[in-house]
Amino acid sequence: MTRKWWQDAIIYQIYLRSFKDSNNDGIGDFRGLISKLDYLSDLGVTAIWVSPHYESPMDDNGYDISNFFKVSEDYGTIEDVKDFIRIAHSKNMKVIFDLVLNHTSDEHEWFQAAKDPVHLDHHKYHDYYIWQKPKYDKNGERQMPTQWRSWFGGPVWEYNPPTDEYYLHIFSKKMPDLNWHNQDMKRDMKNVAKWWINLGVDGFRVDASNHLEKNWDFPEGHPGYENFSGLPEHHKYLEEFGIEVFGPHDVMAMGEAGGATKEEALAYCGFESNEFDMLIHFGHCWADYDGENHLTPGKWSKGKININHIKNSFNRWFRMLNGDGWNLIYWHNHDHPRIISHYGNDLVYHTESGKMLAYSLYMMPGTPIIYQGEEIGMTNVDYKELNDFRDVEVYTEYENFLSFGATHEIAMQALRDRSRDNARSPFQWDDSLYAGFSDINPWMNINGNSTFINLKKQQADINSIFSTYKQLIRLRKEEKLNDGILHFIDIENENTFTYINETVNAKFLVLANFKSKKIKVNLDINIAGYQNIMYNYIKRELSNELKLLPYEALIYKYKK
Ligand code: NOJ
């Protein structure tokens, strides 16, 4: 395969709403993003993934799209988008947009027609969505077709009186799922993607890509995820889309999917695959569940971090794709807590753990995605009130926690630890009242720690987390780390995180301590010739037995 731009890329994910507000309405926008392109270029970023910017009632911050061809007024105009693409390109940065294929907003004109039997286009659009007739119990009470649960916590069915049917929504009830059996809908969706490609977009991140197919027998199930997630047929739709849209236009596509076998991983993003070029996978994202927590269960339960779990996921994906496909690495996105609060220590060891997390990920092979604010160690939110939160998911889940017996305080702590809003608070540019994000109180509160965790401060400090990110990005490019071979040398060890990334010219050894106590590292390798090139405490010579301080991390280079 000829070398593609995305194999050398450093991708940066922008959550537009919270990146930079240019017109002081409290909401981030394209003009704000444009004003920060020099910042991104200086950081070393070569591609920018922008979260959905399309017209939307913003029930799910833009993943609920009401018009695929229009830019949300919150974010600017089509001229702003064109300028953004042009200016990003002039600074040698590629542009990746989010492409949402699984659902629309209920305010999209397709759904407006679909739900209304007297609408002129009803017959054309009804089948664009997924409908089922009610069931009735022995008392004649109307029941949902199944007990399946949505990813946001409530039922997947919503009743539509005018047609006496339920429609399926695996996310919020304002996000009806599209019917991928319908050929006209598929054609319309392909045209959406082509339209943006014509505008100059270089790639897409395909949202919810493993959910496109459903089990049309609608068997009973609770939560029933297996009926709308990872069903084999979704590969067919993606492949068809790739062959007709991504391939011929040579645009990059990255999908998202949970656990996959090697066969499936290669189907998604093997070099021979027509579906995607890369895959966002989640194996390392929730390595600290507490299975015993029944008050705030599942992803909401914060337990002890399982370092093996994290290592195994990175290792597994590297091995599955090695030589047959291209790997993608990232710590977290807009759906997860902030990495420094999640796997690091955002108080006592803020700087140390921020750097440790950077070393432990960004020395690995693959194409990295940095999430906005990660480079300055932005932390989880410090919100005190339920209505400080903005995410639609928070409100259903909060009610669920109370119904499971959690107190208000326990539920609030789960939200502060685990909710998606943690990653979505506005970027902390400086220590001013609204953190340099806006001149007014933004759509979502600024984190109180912006007075001391902000870019301006870290830019002035060569020992900051930000400076470390810059150095690592430079090193990645110079040493072609994206192309290396990954070997974990302690895969069974429960305490240590130690690997080598071997490139053509060198071997890079990374040692990291994910704990707030000292740990011992025994290295069963020939240590001769390894030089310590980066450290988050002090420079240290390598030895076969080392004690690492809390969150200590070291990078050694062996020149071949
Ligand atoms: C995945 C996105 O990352 C998430 O933010 C969104 O809520 C769902 N897909 C639905 O579009």
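A salt bridge, for this tour, is a side-chain nitrogen of Lys or Arg within 4 Å of a carboxyl oxygen of Asp or Glu. By that rule the count here comes to 37 salt bridges. Side chains of opposite charge can pair when their charged atoms come close.

A bit of housekeeping: this is a predicted model, so local features need pLDDT of at least 70 and side-chain atom pairs count only at pLDDT 80 or more, while totals for chains, interfaces and linings use all residues. Residues are numbered from 1 along each chain as its sequence is written, and side-chain values use heavy atoms, with hydrogens and water left out.

**Stop 1**

Select Arg420 and Asp391: their closest N and O atoms are 2.7 Å apart, and the two form a salt bridge. Arg420 sits in the loop between α13 (408–418) and α14 (455–459) and Asp391 in the loop between β15 and α12 (392–403), so the pair ties together parts that are 29 residues apart in sequence. Helices (H or I, at least four residues) and strands (E, at least two) are DSSP runs, numbered from the N terminus.

**Stop 2: the domains**

Colour the chain by domain: domain 1 is 5–99 + 187–211 + 253–466, domain 2 is 109–168 and domain 3 is 481–559. These bounds come from an automatic or database domain assignment.

Now show domain 1 with domain 3. Their centres, taken over C-alpha atoms, are 28 Å apart. Contact (heavy atoms within 4.5 Å) involves 35 residues of domain 1 and 35 residues of domain 3. About 2,800 Å² is buried between the two, and carbon and sulfur atoms give 66% of that; buried area is the accessible area (1.4 Å probe) that two parts lose on being put together, summed over both. Which residues of domain 1 lose the most area to domain 3? Pick Lys311, Tyr359 and Met363, which together make up 28% of what that side buries.

**Stop 3: the ligand**

- Asp60, at 2.5 Å
- Asp207, at 2.7 Å
- His103, at 3.0 Å

**Stop 4**

Zoom to His222 and Pro223, which are joined by a cis peptide bond with omega of about 5 degrees. Pro223 lies in the loop between β11 (203–207) and α7 (233–249).

Finish at Asn92, in the loop between α3 (78–90) and β5 (94–100). What is the phi of Asn92? Phi is near 60 degrees, a positive value in a residue other than glycine.

Key
Polar contact = N/O pair within 3.5 Å; in protein donor to acceptor, adjacent residues only side chain to side chain.
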